[in-house]
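Welcome! Have a look at the protein shown here, and then we will walk through it topic by topic.

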Amino acid sequence: GHMNMKHEEVIGKHLNDLFHKELADVFMQRIKDTTKSNKTLEFEDKADLPTGTKYFVSYYNCVKDNADDLLGVQIMSVDITERKLIEEELKSRGDELLEIQRLGQISTFKWNLIDDSVQWSDEFFNLVNTDQNLVEHNMGTYFSFIHPDDKIHVKKIIEDSMKGLREPHVEYRMQLKDGTIKHIVSNGKYLFDDSNENPIMLVGYNQDVTEMKLAAEELKKLVQEKETLLKEVHHRIKNNINNIYNLLFLQSESMDNQEARLALKEAMGRINSMKVLYEKMLLTGEYRNVTIKKYLEELLASMTDAYFESSNIALQTTIDDFELNSKTVFSIGIILNELISNSMKYAFETDKKGIVECIVKKQNSVINIIVKDNGNGLPENFLIEQSQGFGLMLVNMLCKQINATFSIASNNGTISSIQFHI
């Protein structure tokens, strides 16, 4: 709404598509800092949007699965534009400022470091549900409301800030007399005496972020449930692929026609490339990116069992270790299956010894894939554009899908080259 854009216009966009580069870089750095800090990071921003100038408080949290592996970074932003503008306008109006604090669930404090006395705004006593006339106004009272498990943490933050005279920022829980738990974020600033050397007061605010915290936990729970559902879907897909593979195998075994058996065997090879990929994704729990080396080694090992084990032809591989998104890896698996099986079928005379080599290299953002053999080479006057073979048609189609170039030529055998950028 603030971006004056529809929901579908925002989903899938990069930060650079939504904000100018300087602001997008700031947001990206915060995301990186969040993944390293393993705690909630808070930022306040002023942004010039199509709907006008807006102020936001944003909370960055790591979202992890049950194995404590990072799924992503959750960003929850609260539009504080109205509160910000009102605060700037009504700095001298105490009553109106107190009302704003109530709406924002913010309480202010002034801690006198000389006599340990504390002045809290009325909202603090609303927060802790206590009559301010029934408690002493000192830090002992403040600590009495802090959750027992968080007291040492809060005390250490305050002590460390005093030693370095840094503005303290702390997140903790309050436990009220009735057992209610409140999630609090506190920030402060030191005031100094006339010499500007000795701190005499710490002023700041406490903000009740309980609703936001609970919403974040609920979102994390939903993400975990979605992850579980996704695993189940992929598991069922894998089972269906296995069933299809087994049906093709049974059908091929019952065929007397060698041409039909070969066609079914080729189909099994294509299905097998998908089968190996799904097994890899289910094993690692990673569905977006796949380690290309491990996947291709398993795929080519299965092809060795199918094509090379009983032949005089050797398969040699050189594969760099890097990650690609699973959609691209899916296409590469089928492409390699086609090219290698073509070499097995057409490159060598019966019982002739030979070598088929598969090379996958990554240089910066360029991926090069080469499949070559030392067999008979291509037929004379061969043109890939005029090829009627389904395998090469499939390779061409998949290369277009991943924006790759594809070439095939004779050079002491046949050499197929694929190149694309990531």
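This is a predicted model: local features need pLDDT of at least 70, side-chain atom pairs count only at pLDDT 80 or more; totals for chains, interfaces and linings use all residues.

Residues are numbered from 1 along each chain as its sequence is written, and side-chain values use heavy atoms, with hydrogens and water left out.

**The protein as a whole**

- The protein has 13 helices and 15 strands; helices (H or I, at least four residues) and strands (E, at least two) are DSSP runs, numbered from the N terminus.
- Of the 422 residues, 38% are buried; buried means under 20% relative accessible area, exposed means over 50%, and partly exposed lies in between (1.4 Å probe, protein chains only).
- The accessible surface comes to about 25,200 Å², and 50% of it belongs to carbon and sulfur atoms; such areas come from the Shrake-Rupley method with a 1.4 Å probe, and for residues only the protein chains shown count as cover.
- Among contacts with a separation of 6 or more, 54% are between residues 24 or more positions apart; a contact means heavy atoms within 4.5 Å.

- Isoleucine 114 sits in the loop between strand E4 (106-112) and strand E5 (118-120).
- Isoleucine 114 counts as exposed because its relative accessibility is 66%.
- Aspartate 116 is also found in the loop between E4 and E5, and its phi is near 70 degrees, a positive value in a residue other than glycine.
- Most residues other than glycine have a negative phi.
- With 31% relative accessibility, aspartate 116 counts as partly exposed.
- Aspartate 193 lies in the loop between E7 and strand E8 (199-208), and at 24% relative accessibility it counts as partly exposed.
- Leaving aside neighbours within four places in sequence, aspartate 193 is in contact with Asn198 and Ile200.

**The sheet of 3 strands**

- An open sheet of 3 strands runs in the order E1-E2-E3, with antiparallel pairing; two strands pair if DSSP finds at least two bridges between them.
- Strand E1 (41-49) and strand E3 (70-79) are at the edges with a single partner strand each, so one side of each has no neighbour in the sheet.
- From one strand to the next, the twist averages 30 degrees; axes are lines fitted to C-alpha atoms, for helices over the stretch in contact, and angles run from 0 to 180 degrees between N-to-C directions.
- Strand E2 (residues 52-64) is joined to E3 by 9 bridges, and tyrosine 59 has methionine 76 in E3 as its bridge partner.
- In the loop between E2 and E3 you will find aspartate 68, whose phi is positive, near 65 degrees.
- Two helices lie across E1, E2 and E3: helix H3 (residues 21-37) runs at about 170 degrees to E1, and helix H4 (residues 81-89) runs at about 130 degrees to E2.

- Strand E6 (residues 169-175) has a covered face with Val170, Tyr172 and Met174, and an uncovered face with His169, Glu171, Arg173 and Gln175.
- E6 and strand E7 (residues 181-192) run antiparallel and are joined by 7 bridges; glutamate 171 has valine 185 in E7 as its bridge partner.
- The hairpin has 5 residues between its strands, and glycine 179 takes a positive phi near 90 degrees there.

**The sheet of 5 strands**

- This open sheet has the order E10-E12-E13-E15-E14, and its pairing is mixed.
- Strand E10 (313-319) and strand E14 (405-410) stand at the edges with a single partner strand each, so one side of each is left without a neighbour in the sheet.
- The twist averages 10 degrees from one strand to the next.
- Strand E13 (residues 366-373) pairs with strand E15 (residues 414-421) in the antiparallel sense over 7 bridges, and asparagine 368 stands opposite glutamine 419 in E15.
- Helix H12 (residues 326-346) packs on the sheet, touching E10, strand E12 (354-363), E13, E14 and E15, and its direction makes about 20 degrees with that of E13.
- Helix H13 (residues 390-401) lies across E14 and E15, at about 145 degrees to E14.
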